[in-house]
Amino acid sequence: MVAGLLTVFLGGLLEVCSGVSANRGGYPSFTDEVPFKINWPGAEFTLPATGALYNEDDFVIMTTAEKEKYKCLLPSLTAGDEDDDKEYTGPSPAELLEPLFKRSSCSYRIESYWTYEVCHGKHIRQYHEEKETGQKINVQEYFLGNSAQKSPSTETEEAENVKSVFTKNIEGQLTPYFSFEMGNGTPCVLKQNEARSTSVLYVCHPEAKHEILSVAEVTTCEYEVVVLTPLLCSHPKYRFKSSPVNTIFCQALAGSPLRPQRLAQLDKEHEEQLKPPFSGVGWWKYEFCYGKHVHQYHEEKEQGKNIVVVGSWNAEEHIDWAKKNVARSYQLRDDGVQKVKLVSHFYGHGDVCDLTGKPRQVIVKLKCKESESPHAVTVYMLEPQTCQYVLGVESPVICRILDTADERGLLSISS
């Protein structure tokens, strides 16, 4: 029932009166597989011209526990992707990916110790850098695969002779992929010096920018890398099957606030939880103030607090950065629903770096991390390039706000 659906979204804020007003000729079958969100527009608003269709007579009247009343306009649900079964005559997957191989671009995935470098069609490298005394950099690296003697186009043409499209369970959803094999990696001592090899699985995602979703060692010295790319999305057999988020518009009736008071209070509490600075431990500590700055500092009793500004927040600079980089990443839950798992924010204009002569800058990665302690926070700082940092902040607090992120990764907490 629609009434039950709306109650789920507001965590029990809405109650359904025994005489629910509804101008709806029979309820469709609502399931958890179809995601919804509630928008609270003012008295005057225009329905969207694209996406879900709306009928002015298709609504329910909802009442909160505080007796606030709202008229909620419901979307008409239609099935998409009807054209998937039509005969496709466009470019092959190999031809769609060819620009990526030709421009020699590289993608990176930074983890707590290793950094993974995928230079598409060229090589895959796993490395770790450590700075020693005197700023000498010690590099530990392994090549997980190099370009085979066959060219990408030759190898992929052979794969296309098989009409079936391969699929794999990726983050809980059966996903079509296009594979490119890379061998001739660093010899593996555990396999009698056999060369390391990697299968690179290219998966369609319309908002992706060729980022690495995952790296796994499936067997000893044999790896699998999943890369998200928009280049495959024009091919119907590789198209990303997203679940569109359907908007329910709830307008306040006479005497009720624009949004329920308890909902506004919850938003304010979430915003307050992000305000305290998150700090790391060790000789250097890291202070992150959301929407303000990232500081690196060390305290001594005699000399006081030594602060280095790693980056400062500027919304316009972040938006420019987001146009060229991935600001919002998704995961697919076991039930097939797409959820935001991480947002990245750019903080620039830090203190000038002595080694580069340029201002420091940092990418702050806010990630949902479930925990028994609702206020637990994990903070780590990486320096993949000199004076260019990655600050990871993981917390249950972040889980509650990630789905408010827009395509630029900007969070909407109180609006």
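Eight salt bridges are present in the structure, which is a predicted model. One of them is formed by the side chains of Glu 141 and Arg 125, with an N to O distance of 2.7 Å. This pair links distant parts of the chain, as Glu 141 belongs to strand β8 and Arg 125 to strand β7 (residues 123-131), 16 residues apart. Glu 141 has a relative accessible area of 37% and is therefore partly exposed. Arg 125, by contrast, has a relative accessible area of 14% and is buried. The charged end of Arg 125 is also placed over the ring of Tyr 127, at 3.9 Å from the ring centre.

Further salt bridges include that between Lys 191 and Glu 194, in which the closest N and O atoms are 3.9 Å apart. Glu 194 is partly exposed, its relative accessible area being 41%. Another salt bridge is formed by Asp 406 and Arg 408, with 3.0 Å between the closest N and O atoms. Arg 408 is likewise classed as partly exposed, with a relative accessible area of 32%. Salt bridges with shared partners join Glu 117, Arg 125 and Glu 141 into one network.

Ten aromatic pairs are found in the structure. In one of them, the ring centres of Trp 114 and Tyr 142 are 6.0 Å apart and the ring planes lie at 65°, so the arrangement is edge-to-face. Trp 114 is located in the loop between β5 (106-110) and β6 (115-119), and Tyr 142 in strand β8 (residues 137-146), so the pair ties together parts that are 28 residues apart in sequence. Tyr 142 counts as partly exposed, at 28% relative accessibility. Elsewhere, Phe 101, Phe 180 and Tyr 202 are linked into a cluster by ring pairs.

Strand β17 (246-252) is mostly covered, with five of its seven residues buried. Strand β2 (residues 36-39) runs parallel to β17 and is joined to it by four bridges. Lys 37 stands opposite Thr 247 of β17. Strand β4 (residues 69-76) also pairs with β17, in the antiparallel sense and over four bridges. Here Lys 71 has Gln 251 of β17 as its bridge partner. Lys 71 also lies over the face of Phe 59, 4.6 Å from the ring centre.

The loop between β17 and α4 (261-274) contains Ala 254. With a relative accessibility of 82%, Ala 254 counts as exposed. The C-alpha atom of Ala 254 is separated by 9.1 Å from that of Glu 68, although the two residues are 186 residues apart along the chain.

Six disulfides are present. With bonded cysteines counted along the chain, the disulfides follow the pattern 1-8, 2-3, 4-6, 5-7, 9-11, 10-12. Cys 106 and Cys 119 are joined by a disulfide with an S to S distance of 2.0 Å. The torsion about this S-S bond, between Cys 106 and Cys 119, is about 100°, so the disulfide is right-handed. The pair links distant parts of the chain, with Cys 106 in strand β5 and Cys 119 in strand β6, 13 residues apart. Cys 106 is partly exposed, with a relative accessible area of 30%, whereas Cys 119 counts as buried at 7% relative accessibility.

A disulfide also joins Cys 188 to Cys 221, again described by an S to S distance of 2.0 Å. The torsion about the S-S bond of Cys 188 and Cys 221 is about 65°, so this disulfide is right-handed. Cys 188 lies in strand β12 (residues 187-188) and Cys 221 in the loop between β15 (212-219) and β16 (222-229), so that distant parts of the chain, 33 residues apart, are linked. Cys 188 is buried, with a relative accessible area of 1%, and Cys 221 counts as buried at 4% relative accessibility.

Cys 204 and Cys 233 form a disulfide with an S to S distance of 2.1 Å. The torsion about the S-S bond of Cys 204 and Cys 233 is about 110°, so the disulfide is right-handed. Cys 204 lies in strand β14 (residues 197-204) and Cys 233 in the loop between β16 and β17, so the pair ties together parts that are 29 residues apart in sequence. Cys 204 is buried, with a relative accessible area of 3%, as is Cys 233, with a relative accessible area of 16%.

Definitions and conventions:
Residues numbered from 1 in each chain as written. Predicted model: local features only at pLDDT ≥ 70, side-chain atom pairs only at ≥ 80, totals over all residues. Heavy atoms only, no water. Helix = DSSP H or I, 4+ residues; strand = E, 2+ residues; numbered from the N terminus. Buried < 20%, exposed > 50% of the residue type's maximum accessible area, 1.4 Å probe, protein only. Phe/Tyr/Trp six-rings, centres within 6.5 Å; stacked < 30°, edge-to-face > 60°. Lys NZ or Arg CZ within 6 Å of the ring centre and 35° of its normal. Salt bridge = Lys/Arg side-chain N within 4 Å of Asp/Glu carboxyl O. Pairing = 2+ DSSP bridges. Disulfide = S-S within 2.5 Å.
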